[in-house]
Amino acid sequence: VVLLFANYLNDHLYERIEEDKKRPLQFGAITAVPSIEGVGLSGEKVVLEVPVTALATVGIDRSKVELQLYLFESVNGAELDVTTANAPLVEWLSVLPDWKETRTEILRAEWLRPPFGEKESKAYGKRAYYGYVARLIYDGRVMDETSSPQNLNRCLYYFTNVFPRR
């Protein structure tokens, strides 16, 4: 069974690599910075900086670019759940991202989960940042998907109604 799977992965590997290189957009190295600074003892702030890089040979229509960002928390150190933080503050670092002057544009997303009172702690458990899943969609097609920790994206379909499917 292992050999069959290895052969499956090797079949047309170079064609898949070349096809991936032709994607008009892809992620750069995403940074995630969780902190409790300034949000209270049990609150938390998480900031993601998400570089989106375009091929040099492709013009990008920003109205067709969609980013899906999902933040996950560990609950009581034993389970995973989608964050209970407020909706993120999202902004592109350049005023009008167009991928013309620079081939990489950066999106910054900041989540703030205020400190829980006794009632919220009882209902939602002790929570801490665990990781993220990021999906890049262009013109209705998934261009890239990444997560930290690696493979966290595998549980995305369990927690959310994700569209489009890969």
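Colleague: What are the ground rules?

Modeller: This is a predicted model, so local features need pLDDT of at least 70 and side-chain atom pairs count only at pLDDT 80 or more, while totals for chains, interfaces and linings use all residues. Residues are numbered from 1 along each chain as its sequence is written, and side-chain values use heavy atoms, with hydrogens and water left out.

Colleague: How many helices and strands does the protein chain have?

Modeller: Four helices and nine strands. Those are DSSP runs numbered from the N terminus: helices are H or I with at least four residues, strands are E with at least two. Along the sequence the pattern reads α-α-β-β-β-β-β-β-β-α-β-β-α.

Colleague: What share of the 166 residues is buried?

Modeller: 34%. Buried means under 20% relative accessible area, exposed over 50%, partly exposed in between, with a 1.4 Å probe and protein chains only.

Colleague: And the contacts?

Modeller: Of the contacts with a separation of 6 or more, 63% come from residues 24 or more positions apart. Contact means heavy atoms within 4.5 Å.

Colleague: On to sheets. In what order do the four strands of the open sheet come?

Modeller: The order is 5-4-8-9, with antiparallel pairing. Two strands pair if DSSP finds at least two bridges between them. Strand 5 (79-82) and strand 9 (141-148) are at the edges with a single partner strand each, so one side of each has no neighbour in the sheet. From one strand to the next, the twist averages 25 degrees. Axes there are lines fitted to C-alpha atoms, for helices over the stretch in contact, and angles run from 0 to 180 degrees between N-to-C directions.

Colleague: How many bridges join strand 4 to strand 8?

Modeller: Eleven, between residues 65-75 and residues 127-138, running antiparallel. Glu73 is placed opposite Tyr129 of strand 8.

Colleague: Now strand 3. Is it mostly covered or uncovered?

Modeller: Mostly covered, with eight of its eleven residues buried.

Colleague: Which strands does it pair with?

Modeller: Strand 1 (residues 25-27) pairs with strand 3 over three bridges, antiparallel. Leu25 has Ala54 in strand 3 as its bridge partner. Strand 2 (residues 31-35) is joined to strand 3 by five bridges, also antiparallel. There, Ala32 has Leu48 as its bridge partner. Strand 7 (residues 104-113) is joined to strand 3 by ten antiparallel bridges. Glu49 faces Arg108 in strand 7, and Val46 faces Trp111.

Colleague: Which residues make up the covered face of strand 7?

Modeller: Glu105, Leu107, Ala109, Trp111 and Arg113. The uncovered face has Thr104, Ile106, Arg108, Glu110 and Leu112. In a regular strand the side chains alternate between the two faces of the sheet.

Colleague: Rings next. How many aromatic pairs?

Modeller: Two. Trp92 and Trp99 are edge-to-face, because their ring centres are 5.6 Å apart and their planes at 85 degrees. The rule takes rings of Phe, Tyr and Trp (its six-membered ring) with centres within 6.5 Å; planes under 30 degrees apart are stacked, over 60 edge-to-face, and the rest tilted. Trp92 is partly exposed at 24% relative accessibility. Trp99 is buried at 1%.

Modeller: Phe116 and Tyr124 make a tilted aromatic pair, 5.8 Å centre to centre with 35 degrees between the planes. Phe116 is buried at 17%, and Tyr124 is partly exposed at 43%.

Colleague: Where does the charged end of Arg113 sit?

Modeller: Over the ring of Phe116, 5.3 Å from its centre. That call needs NZ of Lys or CZ of Arg within 6 Å of the ring centre and within 35 degrees of the ring normal.

Colleague: Last topic, loops. Is Gly59 buried or exposed?

Modeller: Exposed, with a relative accessible area of 65%. Gly59 is in the loop between strand 3 (44-54) and strand 4.
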